[in-house]
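Hi everyone, thanks for coming along.

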Number of protein chains: 2
Amino acid sequence: MNSGITISNRKVSFGGISLTEFIEKYETPLFLFSEQRLEDNYKALEESFRRYYPKTEVFFSVKTNFELSILKTLRRLGSKAEAASALEVIIAKKAGFEGSEMVLDGPAWTDNDIKFCIQKNISTFNVDSIDELRRVNRLAKAIGKKVKISFRIFPEIRMSILKSFIEGYISKFGIPLSQAVELYKEALTMDHVIPCAISTHIGSMITDPRYYEKTVQRLVKLAADLRDELGINIEAINIGGGFGVQSLNYYSIQNVILNKAGISQYSKAASIEEFGKRIGQKFAKELKENKLSEIKLIVEPGRFLVSDSGILITRVVAVKDKWIFIDGGINLIPESIFFIRRGFLIANKIGQEAKYEYNIAGPTLNTADVLAVNQKLPKMEVGDLVIVLDSGAYSLTRSNQFTILRPDALYITKDKKIKYLRKKEQPDDILNKLIP
Amino acid sequence: MNSGITISNRKVSFGGISLTEFIEKYETPLFLFSEQRLEDNYKALEESFRRYYPKTEVFFSVKTNFELSILKTLRRLGSKAEAASALEVIIAKKAGFEGSEMVLDGPAWTDNDIKFCIQKNISTFNVDSIDELRRVNRLAKAIGKKVKISFRIFPEIRMSILKSFIEGYISKFGIPLSQAVELYKEALTMDHVIPCAISTHIGSMITDPRYYEKTVQRLVKLAADLRDELGINIEAINIGGGFGVQSLNYYSIQNVILNKAGISQYSKAASIEEFGKRIGQKFAKELKENKLSEIKLIVEPGRFLVSDSGILITRVVAVKDKWIFIDGGINLIPESIFFIRRGFLIANKIGQEAKYEYNIAGPTLNTADVLAVNQKLPKMEVGDLVIVLDSGAYSLTRSNQFTILRPDALYITKDKKIKYLRKKEQPDDILNKLIP
């Protein structure tokens with residue numbers, strides 16, 4: 001695949017478009033997405049899983065990026081959608097997804113969320129607690145429908161490298177595996193929910209496919225237990241997303257400890273081919289051993305598909321000793337540099353030796369608005385074009401309007417046309433919400 | 001002052017309004033602000049400084065909270081405004097502030113920001129780097145005006161408890177004191193800037209006034225040096241904000257180390273009376289010793305004024321083992337619990353013994369969406385009313401639309417009328433920006 005960033009003759013291209021001339025026509029900061037890259041990522045992922053388990057279905061995680069053209073591209077490629085709220089269902093529908101092509105995830109839906117999603121015929125509600133189950137049943141009854149549910153199971157995989165505090169957080173989502181059968185049993189007593197699926201999500205930016213193999217083993221075993229103990233026919237097992245992106249450096253606690261332990265194999269994410277192979281093979285094998293068949297395997301990727309499908313193009317506004325300030329920062333890419341380290345390209349200085357060390361700061365008056373520390377770069381000046389790589393995931397959907405409005409976002413279509421995904425905000429977008 | 005939260009007869013009141021009946025009329029989540037509390041905070045701050053240094057002026061930090069009625073209240077009380085961008089100038093003007101009543105702060109203004117602010121006659125540009133200085137001069141020249149500037153000085157106070165990494169970050173803002181005279185000299189060579197002020201900001205949530213005393217000492221000395229070496233007449237010294245809020249627990253690295261060292265005096269913030277007294281006295285004394293007079297002392301409070309003037313009212317959506325999920329979280333109050341620990345009140349269970357330990361999570365599908373861990377509470381159930389205290393600062397201005405739209409915000413006026421600050425967002429507020 002070379003649909004992402006390429007460099008030749010000291011020119012940076014993205015999605016097949018040369019950036020240096022392109023950017024002269026636009027203001028920075030500017031988000032730019034590549035349809036071709038998105039398609040290549042999607043196909044690589046889908047094929048990697050289906051090669052080893054054909055009955056795999058992809059549900060794109062809408063919260064990662066909900067630009068309409070991006071959702072439309074994914075739907076054209078065969079993706080379905082994972083929504084986290086009524087708002088995301090509304091957005092996904094606008095992009096063409098039917099309710100039947102969506103699942104709903106989340107630990108704290110409002111009653112309005114649930115009612116809306118029942119009315120829109122969302123295929124499955126991935127329920128996170130007994131309280132949510134009761135509310136879904138009550139509201140489905142009021143509307144006069146029956147809805148399919150799964151429980152989000154916390155598979156109690158001990159990621160041995162994550163200790164104490166972080167491990168405490170992991171239990172936030174899902175129902176412990178040990179309580180699962182009891183909850184499905186409770187669901188069977190309710191008239192307006194049909195427990196027929198199992199879901200999970202084991203974390204973000206997982207580099208090592210073995211965690212998914214263990215997860216698959218436990219969830220398939222649970223499906224067999226539910227068949228044997230309760231007579232439940234599980235139609236789908238949803239293993240969530242979290243497949244690592246190879247072009248991102250995860251400065252996570254996990255990797256720091258892996259590195260200290262001298263374990264290099266998965267300090268960089270496994271390839272999607274390896275994720276697909278290991279997970280697909282394991283899933284097929286476990287089904288066979290548990291005498292189960294025809295269970296759909298659902299994956300819910302987000303970051304893997306859109307991360308390197310998007311870049312943020314910025315310019316240097318000020319240089320001060322070892323600090324450079326660019327015109328986009330945590331207002332647009334809110335992820336902490338403590339967990340994710342992105343790549344940077346100085347588009348107008350390709351080929352110059354990166355022999356100076358800089359901290360790269362965003363434009364907001366916030367101490368935490370720092371995109372990188374001790375980054376080796378060429379000698380930097382005001383006006384230099386700084387490309388922030390891997391900016392497609394959890395950027396616009398988590399962006400805010402802290403002192404600065406949100407910028408334009410453009411899409412390079414497969415035929416290399418430029419299309420607006422969104423126009424930059426105007427002061428009235430804020431002022432119209434404020435009551436004098 | 002009892003204009004904030006009060007509890008009597010097992011009822012919680014805020015701004016003089018009893019919450020339990022009040023909230024029945026509204027949907028949660030809901031922001032609620034008290035004009036009386038804001039006024040009490042403002043007067044306490046202004047009087048504390050003016051008692052010891054009458055020529056003190058207050059510039060409210062607009063980025064902390066830009067609801068129009070809140071800005072109007074502050075302007076009525078005599079506050080001026082500190083803006084961080086053209087957007088904030090636009091908002092502050094809408095609330096009635098003139099350009100001459102504002103200063104502009106920030107390390108990375110765009111050319112458009114600078115041009116706009118010159119045209120609007122912003123009183124002083126607090127310049128963060130030589131690059132910004134050059135751009136202000138160039139753009140002022142193009143417009144044909146002269147603008148007053150200060151340099152933001154990094155006073156190189158070593159907060160001995162902040163080491164290595166954090167200290168590296170502190171240098172992000174401002175110009176090192178050692179380079180200051182040189183930069184003022186450079187500014188004197190430019191025709192369209194008038195260097196006549198000094199500014200700084202030493203950090204957020206400072207609990208100990210001694211840091212300001214050291215700062216004041218160094219900046220007044222700089223004013224004397226500028227007079228002696230360059231003949232510059234400094235009209236104003238702006239010490240920024242950062243005065244700690246007593247009702248907040250700062251779980252900052254600073255406090256952890258202070259506690260470990262057994263130093264309790266300032267592990268809770270000093271009172272505003274003490275900040276005002278220590279800073280005002282020191283400022284007057286240093287002016288006298290340096291034979292300076294008539295220099296304005298400018299303070300730029302934000303959090304101190306609005307933090308406990310606002311609360312977020314939420315309801316419990318689900319309880320799962322030791323986790324409770326409420327309907328507002330880091331989408332609305334994005335500050336990390338690692339740095340700030342807020343208080344919580346269960347408005348419908350006042351008086352019940354807090355003998356159970358819970359983690360309080362927000363509604364979004366984000367591992368970091370946790371407002372408190374190991375919080376002692378009464379036995380919790382779906383529907384319980386959770387009041388998140390100290391939610392008035394850096395909440396709406398930094399909020400995002402991650403999977404959930406922003407809610408209503410209400411204002412309790414001094415005469416106890418209820419007024420909308422903003423109406424909750426609708427899906428079209430997002431959809432109208434997305435291009436199909």
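Before we look at any pairing, a word on terms: two strands pair if DSSP finds at least two bridges between them. Helices (H or I, at least four residues) and strands (E, at least two) are DSSP runs, numbered from the N terminus. Please keep in mind that this is a predicted model, where local features need pLDDT of at least 70, side-chain atom pairs count only at pLDDT 80 or more, and totals for chains, interfaces and linings use all residues. Residues are numbered from 1 along each chain as its sequence is written, while chains are lettered from A and ligands numbered from 1 in the order in which they are written.

So, let's go to strand β9 of chain B, residues 147–154. Which strands does β9(B) pair with? One of them is β11(B), residues 193–199, in the parallel sense and over 6 bridges. There, B:S150 has B:A197 as its bridge partner. B:S150 is also the bridge partner of B:N126, which brings us to β8(B), residues 124–127: that strand runs parallel to β9(B), with 3 bridges joining the two. Then there is β10(B), residues 175–176, again parallel, with 2 bridges to β9(B). In that pairing, B:I153 stands opposite B:I175.

β8(B), helix α6 (residues 130–143) and β9(B) form a right-handed β-α-β unit; right-handed means that, with the strands pointing away from the viewer, the path from the first strand over the helix to the second runs clockwise.

Is β9(B) enclosed or open? Since 7 of its 8 residues are buried, β9(B) is largely enclosed by the rest of the structure. Buried here means 20 or more other C-beta atoms within 10 Å of a residue's own, with C-beta atoms placed from the backbone.

Now over to chain A, with 13 helices and 23 strands. Of its 436 residues, 53% are buried. The C-alpha trace spans about 70 × 60 × 45 Å along its principal axes.

Finally, where do the chains meet? 54 residues of chain A are in contact with 54 of chain B, contact meaning C-beta atoms, placed from the backbone, within 7 Å. On the chain A side, α4(A) gives the most, with 5 residues. That side divides into 29 nonpolar, 9 polar and 16 charged residues, where Ala, Val, Leu, Ile, Met, Phe, Trp, Tyr, Cys and Pro count as nonpolar, Asp, Glu, Lys and Arg as charged, and the others, Gly among them, as polar.

Conventions
Two residues are in contact if their C-beta atoms, placed from the backbone, lie within 7 Å. A residue is buried if 20 or more other C-beta atoms lie within 10 Å of its own, exposed if 12 or fewer, and partly exposed in between; C-beta atoms are placed from the backbone.
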